[in-house]
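Please look over the sequence and the structure shown below before reading on.

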Amino acid sequence: MAIIFIALRIASTTHSHFGRLAAAGMTATFALYVLINGAMVMGLAPVVGCRCR
């Protein structure tokens, strides 16, 4: 969690518009991966995916 807040602080202090968007996008992607992985570990999300039938 601390890594996400630090990365968001870095994104907010960046001077260039592209740097702000790039840092925020990478942070959002990382946060989504952490959320999905945590849900899989706790058994809230399927690990192998859904059946296609």
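## Burial and the helix pair

T27 counts as buried, because its relative accessibility is 7%, where buried means under 20% relative accessible area, exposed over 50% and partly exposed in between, with a 1.4 Å probe and protein chains only. The model is a predicted one, in which local features need pLDDT of at least 70 and side-chain atom pairs count only at pLDDT 80 or more, whereas totals for chains, interfaces and linings use all residues. Residues are numbered from 1 along each chain as its sequence is written, and side-chain values use heavy atoms, with hydrogens and water left out.

T27 belongs to helix α2; helices (H or I, at least four residues) and strands (E, at least two) are DSSP runs, numbered from the N terminus. Leaving aside residues up to four places away in sequence, T27 touches I4, A7 and L8, contact being heavy atoms within 4.5 Å. The buried residues of α2 are G19, A23, T27 and A39, and the buried residues of this helix pack against α1.

Helix α2 has 25 residues and reaches 36 Å from its first C-alpha to its last, close to the 36 Å expected at 1.5 Å a residue, the expected span being 1.5 Å times one less than the number of residues in the helix.

## Exposed positions

Which residues stand at the other end of the accessibility scale?

| Residue | State | Relative accessible area |
|---|---|---|
| M26 | exposed | 58% |
| F5 | exposed | 53% |
| I3 | exposed | 57% |
| V47 | exposed | 60% |

M26 lies in helix α2, which covers residues 17–41, while F5 is found in helix α1, which covers residues 2–13, and I3 is also found in helix α1. V47, by contrast, has its place in the segment after α2.

I3 and F30 are 27 residues apart along the chain, and their C-alpha atoms are separated by 9.6 Å; M26 and I3, 23 residues apart in sequence, are 12 Å apart in space, C-alpha to C-alpha. V47 and L32 are 15 residues apart in sequence and 15 Å apart in space, again C-alpha to C-alpha.

F5 also takes part in a nonpolar surface patch of about 370 Å², made together with M1 and L8. Patches consist of residues with over 30% relative accessible area and no salt bridge, like charges being joined within 9 Å and nonpolar side chains (Val, Leu, Ile, Met, Phe, Trp, Tyr) within 5 Å; a salt bridge is a side-chain nitrogen of Lys or Arg within 4 Å of a carboxyl oxygen of Asp or Glu.

## The chain as a whole

The protein chain has two helices and zero strands, and its C-alpha trace spans about 50 × 25 × 10 Å along its principal axes. Of the 53 residues, 11% count as buried. The accessible surface of the chain comes to about 4600 Å², of which 73% belongs to carbon and sulfur atoms, by the Shrake-Rupley method with a 1.4 Å probe, only the protein chains shown counting as cover for residues.
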